[in-house]
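Keep the sequence and the 3D view at hand while you read.

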Amino acid sequence: MSALLDVDQLRVQFAGKGRRKATEVLHGVSFDIGESETLGLVGESGSGKTTIGRAVLGLAKVHGGSIRFDGQDITATSQRQRRALAKDIQVVFQDPYSSLNPAMAIGDILSEPIVQQGSSSRDARARVKTLLDQVGLPSDSVDRRPQEFSGGQRQRIAIARALAPEPRLIVCDEPVSALDLTTQARVLELFAEIQERTKVAYLFISHDLAVVRHISDRVCVLFRGDVVETGVAAQVISHPQHIYTQRLILASPVADPDRQAERRRERRRLLDQQPTVATA
Amino acid sequence: MITYALRRLLTGVVLAVLVTFITFLLLSTSFHDMISTLLGPDVTPDAVARREHELGYDRPVLVQYGEWLVHAVRGDLGTSLFTTLPVGPSVLSHIVVTMSIVFPALLIAVIVSVVLGVWAASRSGAADRVAQGISLVGHVVPALLTAIVLVVVFAVELKMFPATGYVQFADNPYGWLRSITLPVVALVIAGMASMTAQIRGSMIEELGKDYVRTLRTAGVPTRSIVLKHALRNAASPALTVMSLEFIQLFSYSVIIENVFALPGFGSFAFSSAQTIDVPVIMGVTLVSVILVVVVNLLADIANGYLNPKARTH
Amino acid sequence: MSITVIPDPADQTSSTVPRRSVLRHLLKDPQAIVTAILLIVLFSAGLLSPLIAPHNPNAANLDAINAGVGTPGYPLGGDESGRDILSRLLYSIETSLISALIGASVALAIGLTAGLVGGYFSSTVRNSVEWVSSLIMTFPGLITLIVLLPLTGGDYRWTMLILGVLLAPGTYRIVRNLVLGVKKELYIDAARVSGLRDFRILSRHVLFSVRGPVIVNTAFLMGAAVAAQSGLAFLGVGAKDVPSFGLMISSGFNNIYAAPLQFVWPCICLGLITGSLVLFGNSLRDAFSGPRPKRPKPVHGLRVADGAAPEQTPTSSISAHAPVLAVEDLRVSFPGTKGLREVVKGVGLTVAEGEVVGLVGESGSGKTQTAFAILGVLAPEALVTRGSVRLEGRELVGLADSKLAALRGRVVSYIPQEPMSNLDPSFTVGSQLTERVRHCLRVSRREARQTVLDLLARVEIADPQRVFDSYPHQISGGMAQRVLIAGAIASRPRLLIADEPTTALDVTVQAEILDLLRDLQKEYGMAILLVTHNFGVVADICDRIAVMRSGEIVETGTTREVFRAPAHAYTRQLLDAILEDDDSPAPSAPADRLVEVAR
């Protein structure tokens, strides 16, 4: 079965400021996602994980390699092609405060892309009500504005917006990182539930290993623009092969004083074997 | 830092050339009228055309401009078509008068604005409102009216200052001071408004920032925080306003000179425009633009010094 | 004439206030109402001047020369040529209105389009637009308008058009900055992903967000145009048969000895128009920025409610054996729309010498406000309504700020959450740290410099001299946090308050910083109050925890106790929400497997 999303040797550069040379932020990244699968993309800052998401969404220019969606090459798309792709590929961003236009009512925010795809406004309104229902928000939300909702609720609205065209792939860029622990758990549940129901695939980007492990089928570990390890989530996290993955796992503190002390000791052991002076 | 300054200088020179060129280009449509005025009322079109050719005003615009530029760079701004006096010295003598009110006014306005702005930002309530009110006056009342009110009240009625006339500094320093006092006050009131509001706004914004709070937790005294840290960061946008303010004051001074009958740049520019005395107009434009460019350059350099991030762009 | 608009930090934020409430706000603002009415009345009178003016404005009547006020047929008198002043005033208003409309609309059309285009599209487009803007701004204002008189032939409408071009860069700047800000917002990205056309994004999303400052700017542009046209007319630039305030003031001024009141009428009228435009613009700005709370007096210290300060401790009871920190029944409130809103509701906790206490809670729990209250750096409008905070036995609540400042940085230090925004961007790291060290240790500059370098090395920075000479924007987040830690431990404080010190950092960096904090804590024997929402961090470094929810402490205990057997339902809820992290992974890579980690 061919992959839904196939990324091959992806290279992206950031333009240098003024006279400076351009820097390459992705050095040939490859991975794929199957239908209805969740691929976790985990890495720290500077790993390029967000850039990958943006490249798939057409928000970042690609300088090498290819991105194929359902067999079709989408590496460099025109605005019209993007509009067509919007039916299949959608996004949920990290920041629930800036991902919704504060000057618009929820109903307008949600119906705009639907109308854009060709529906009448009446159909759009009906669809909006269904969507709000699916994400667990009351239907009177349509007339209210983003400021009146909490962070978790706003993420639900963002998820509803992503679901509107019934996409086959949703790029989730750190969607729960800005949320409280308790809200995080609930929103992740929502993601799982939606996948169960609609069979959508997720490209789930996060810096939080625990989150990634919880929701991903497979995981891809990124370090400074390279994939250092890929595999089944549970496997990679319990038996990491690459030293960076090991360091990453050992660096995440665990919520148990004794186990954390143990983890700390293991981390120290690993660092002693491969010492690095703090350059960050 | 040096490369930054040089780059800004180069930009300034290019801009100056472009501005004078565009002005020349726009004026070239009136060359015909200019020659007609020069020759007088009862002249045949042929005579006008002949004179135009003699003086070289029928050549391509680019050529004429190029010739003017080459001379200007060497300091030769030509001679007035109408008075046959050399342009350079006349322009300079007039600009000195104007600058003798604009520069002091700019300096005073900056000092007053900084003091008032910082003071208002560190207080609130009545004190802040007073400061805002003072600066509002300059914004609400056009410079023209400020000048007129000042003249009528202090010169005509109270007779504290001369209503008109400019005294050369060389002739009588005290007289010079008296003759520029009211015009400078008018300019300061007009110019203070934007700068005070800008500094007050920037200071309030800076004082609300995280690093200010962290400095406080470190026990750094408030005076240090306000004057050393916050003011320095607030100065950057204020400098931009300041260089814009110079153009403003320059513009206002033209009007104020007229009210106080000072033999400044404004009247000079006006008479040259009326007669369409192109060499003089070009001289006027060049000197004005150079002043603007120089002030902007100084502000940019100051900004580059204060704001390390600006330098790296 | 003001080409620059009075700037206001509110101009930099795009408007989020809905249309209806802007209108409502305006209607409640007396300044707005008065100026609006004045403008409407004056401008209508001007527009209707052909109908309501008693005379032709240029009709000179020898009998009316310098006629006084109240002369029959000449209610405001006649000027030096015998023209009716009232009629001239009315027509002058019309001239002003037309000037305002031409100047403002040209400036707006150019500035708005340039700002939208320059702000939204690529940097090459923006740079070209920037260039043109700089070019226009180099033209010397009024001098240009005078000098181009041959071109306009004295027709003020053409002059106003050129003025509009000269004013455009001001509008362009405002719009461009707003658009750049809006462009970074994720909802614009979301719109692009939805496939919306650029034009629609610009017109629907971007334009709508910038409309506030633009409308405000328009009012100021109109004021500038009116003032400019008057100034030019006063100078005599322009056709003499077009009545305008400038002309009237000029002739009245020249005639001041013969008829002292003549110049007064046009001055008043001009002043009313420009003044109203500016004041209305200010009211508009207030309306668009939304309700702004009265700016509180920047108090440097804790604002304590009357009678709330507990008794000051006599010096004899300040002992080294008291807990380093003892907070009792602390209550902090903020003024809200309906009276005081309590954010810290009777918090009590203690930190013993050398102990690490975690203050845990979700956002909005009040943990950060508690920390700020202890340090005395709450926002100026916050009010401590009750409670006691004792640092080594010394009561802090009610203490004058100068005395509090003496303790800050010396006895109690602070590490903030977001390292980058907590360093002054205009000074090098070294100079900032040196200032702090000179302050808390009272040493000479040379000694301070050396101390700083030693501290930077102590916090495991590889090249202390390089970091010393760097500006904050030149170092990474983790490095910046180490710098802030260095500053905080310089005086070997008894208590270190760390506010989510690792939340903004990468997880590997976080682990290193936690190691560092643990080392420093052991070496210096300092107590730490660690504010966090991350239970992993708590498990790593804290001896005891206090769990906060909605301003109250719901549970305290040793770390082990709380983790193993949480007593309160909320604590249980929080612990359950932590995603399961199964058995510690066994790194299977042997040490000699050289896989490249760093590049």
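## Two domains in chain B

Contact means heavy atoms within 4.5 Å. Domain 1 and domain 2 of chain B bury about 1500 Å² between them, 74% of it on carbon and sulfur atoms. Buried area is the accessible area (1.4 Å probe) that two parts lose on being put together, summed over both. B:Leu291, B:Val295 and B:Leu306 supply 32% of the area that domain 1 of chain B buries against domain 2, more than any other three residues.

## About the model

This is a predicted model: local features need pLDDT of at least 70, side-chain atom pairs count only at pLDDT 80 or more, and totals for chains, interfaces and linings use all residues. Residues are numbered from 1 along each chain as its sequence is written, chains are lettered from A and ligands numbered from 1 in the order in which they are written, and side-chain values use heavy atoms, with hydrogens and water left out.

## Chain B against chain C

How many residues of chain B are in contact with chain C? The count is 81 residues of chain B, and they meet 75 residues of chain C. Chain B and chain C bury about 7100 Å² between them, 70% of it on carbon and sulfur atoms. B:His139, B:Arg216 and B:Thr217 supply 10% of the area that chain B buries against chain C, more than any other three residues.

## Crossing helices

Helices (H or I, at least four residues) and strands (E, at least two) are DSSP runs, numbered from the N terminus. In chain B, helix α10 (residues 222-259) packs against helix α11 (residues 265-274) at about 85 degrees, with their axes 7 Å apart. Axes are lines fitted to C-alpha atoms, for helices over the stretch in contact, and angles run from 0 to 180 degrees between N-to-C directions. α10(B) is therefore roughly perpendicular to α11(B) (65 to 115 degrees). B:Phe250, B:Val254 and B:Glu257 of α10(B) meet B:Phe265, B:Gly266 and B:Ser267 of α11(B).

In chain C, helix α2 (residues 30-47) and helix α4 (residues 85-120) pack at about 105 degrees, with their axes 7 Å apart. α2(C) is therefore roughly perpendicular to α4(C). From α2(C), C:Leu42, C:Phe43, C:Ala45, C:Gly46 and C:Leu47 take part; from α4(C) come C:Leu90, C:Ile93, C:Glu94 and C:Leu97.

## Strands in chains C and A

An open sheet in chain C has four strands in the order β2-β1-β4-β5, with antiparallel pairing. Strands pair if DSSP finds at least two bridges between them. β2 (339-351) and β5 (394-395) of chain C are at the edges, each with a single partner strand, so one side of each has no neighbour in the sheet. Two bridges join strand β4 (residues 383-391) of chain C to β5(C). C:Arg390 has C:Glu395 as its bridge partner in β5(C).

In chain A, strand β1 (residues 5-14) and strand β4 (residues 64-69) run antiparallel, joined by five bridges. A:Val7 stands opposite A:Ile67 in β4(A). β4(A) also pairs with strand β5 (residues 72-73) of chain A, antiparallel, over two bridges. In that hairpin, which has two residues between the strands, A:Asp70 takes a positive phi near 55 degrees.

How values were computed: Angles under 35 degrees count as roughly parallel, over 145 as roughly antiparallel, 65 to 115 as roughly perpendicular and the rest as oblique.
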